[in-house]
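Please consult the sequence and the model shown below while reading.

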Amino acid sequence: MVKRVVTGAHYGLKDWLAQRITALVMAVYVIVVVGILLACTPHSYEDWRALFAHQPMRIATLVFFLSLFWHAWIGMRDILMDYINPTGVRLGLEVAVVLVLAGYAVWVVQILWSL
Amino acid sequence: MKFRIYRYDPDKDSQPRMQDYDVEMQPSDRMLLDALIRIKSVDDSLSLRRSCREGVCGSDAKNINGKNGLACITRLSDLKEPVELRPLPGLPVIRDLIVDMTQFFKQYHSVKPYLVNNQPSPEKERRQSPAEREELDGLYECILCACCSTACPSFWWNPDKFVGPAGLLQAYRFLADSRDEATSERLDNLEDPYRLFRCHSIMNCVDVCPKGLNPTRAIGKIKDLMVKRAV
């Protein structure tokens, strides 16, 4: 392959913005959940289960985790871009990260909707 | 006064080494550059760049006790001994404290650091309101000493792809200029995961800038313009 420095992929803004928005979503969720836990502290397994089986809580938790995985994807890709130079290896690792995060997302849905 | 200075002559040395100096200072030696010139009068094999000796030309930037700065405006009385001097990090060393700035200037040139305006020139000048002129404060003062870019880890890892804080500050200097007409082309040129978005706002550039400028804020404003354009 030609040894040439190539830039100009014309993306990055969306990811940068997404990273900030997902961070905000996570911060709001954490504050709300801590508030709920302080207001009515669950004492037993049944209490915890009831809390997360509540539909709005379930959806909020799912949104939190999807934000987390999206945020993690952007961060992981940034790290791989900095430290892994061979294009093939980098692409392979990026695909692995996406697959793992997608797996986690399915797992989160499975856990939340089995409560 | 005690100094430890990075020495490397690629013609003679296989490895860089640190050389100790203990030099008697005169009362007139106030800045680090005075001390370096004093050292050079004892050991003329020491190589360094300097020109204006008053923080305007930007040629004597180096790593001083672990932090990038200009030797000519760094007070000797503020320095802990032994003063450890190294070339700017991340750039190839030509000799001793002199680095090869080619990559740095390549990035600077890549942002087209000049006014783009295709209108016919007015008879006298392209006028700006005082408010429009004020937009350029904190941007035009950059002397391209490279202290900021060589303090930036993103520039260390990708000097060939990431524009770096100095180049991005200049990019914003022309984006902010009311007389410039190439806003969209400039933003296109920067919208890239490497060229702009390697900056993660760690603010090393702000910490070291000898002119007290804030490249991180300028980079934030470039991102703001991109958001404004996209949403």
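In chain B, strand S3 (residues 61–64) and strand S4 (residues 67–70) form an antiparallel pair over four bridges. Strands and helices here are DSSP runs, numbered from the N terminus, with at least two residues (E) for a strand and at least four (H or I) for a helix; two strands pair if DSSP finds at least two bridges between them. The model is predicted, and local features need pLDDT of at least 70, side-chain atom pairs count only at pLDDT 80 or more, and totals for chains, interfaces and linings use all residues. Residues are numbered from 1 along each chain as its sequence is written, while chains are lettered from A and ligands numbered from 1 in the order in which they are written.

**Strands around S3 of chain B**

- B:Lys62 has B:Gly69 of S4(B) as its bridge partner.
- Two residues lie between the strands in the hairpin of S3(B) and S4(B), where B:Asn65 takes a positive phi near 45°.
- S3(B) also pairs with strand S5 (residues 83–86) of chain B, in the antiparallel sense and over two bridges.
- In S5(B), B:Leu85 is the bridge partner of B:Ile64.
- B:Ala61 and B:Asn63 point one way from S3(B), B:Lys62 and B:Ile64 point the other way, and all are buried.
- A residue is buried if 20 or more other C-beta atoms, placed from the backbone, lie within 10 Å of its own, exposed if 12 or fewer do, and partly exposed in between.

**Chain B as a whole**

- Chain B contains eight helices and seven strands.
- Of its 231 residues, 39% count as buried.
- Its C-alpha atoms fill a box of roughly 60 × 35 × 30 Å along the principal axes.
- Among contacts in chain B with a separation of 6 or more, 65% are between residues 24 or more positions apart; a contact requires C-beta atoms, placed from the backbone, within 7 Å.

**B:Gln103**

- B:Gln103 belongs to helix H2 (residues 102–110) of chain B.
- Because 18 other C-beta atoms lie within 10 Å, B:Gln103 is partly exposed.
- Leaving aside residues up to four places away in sequence, B:Gln103 touches B:Leu91, B:Pro159 and B:Asp160.
- B:Gln103 and B:Tyr172 are 69 residues apart along the chain, and their C-alpha atoms are separated by 20 Å.

**Contact between the chains**

- Twelve residues of chain A are in contact with 14 residues of chain B.
- On the chain A side, helix H1 (13–39) and helix H3 (55–83) are the elements that give two or more residues.
- H1(A) supplies the largest share of that side, three residues.

Technical notes:
Contact = placed C-beta atoms within 7 Å.
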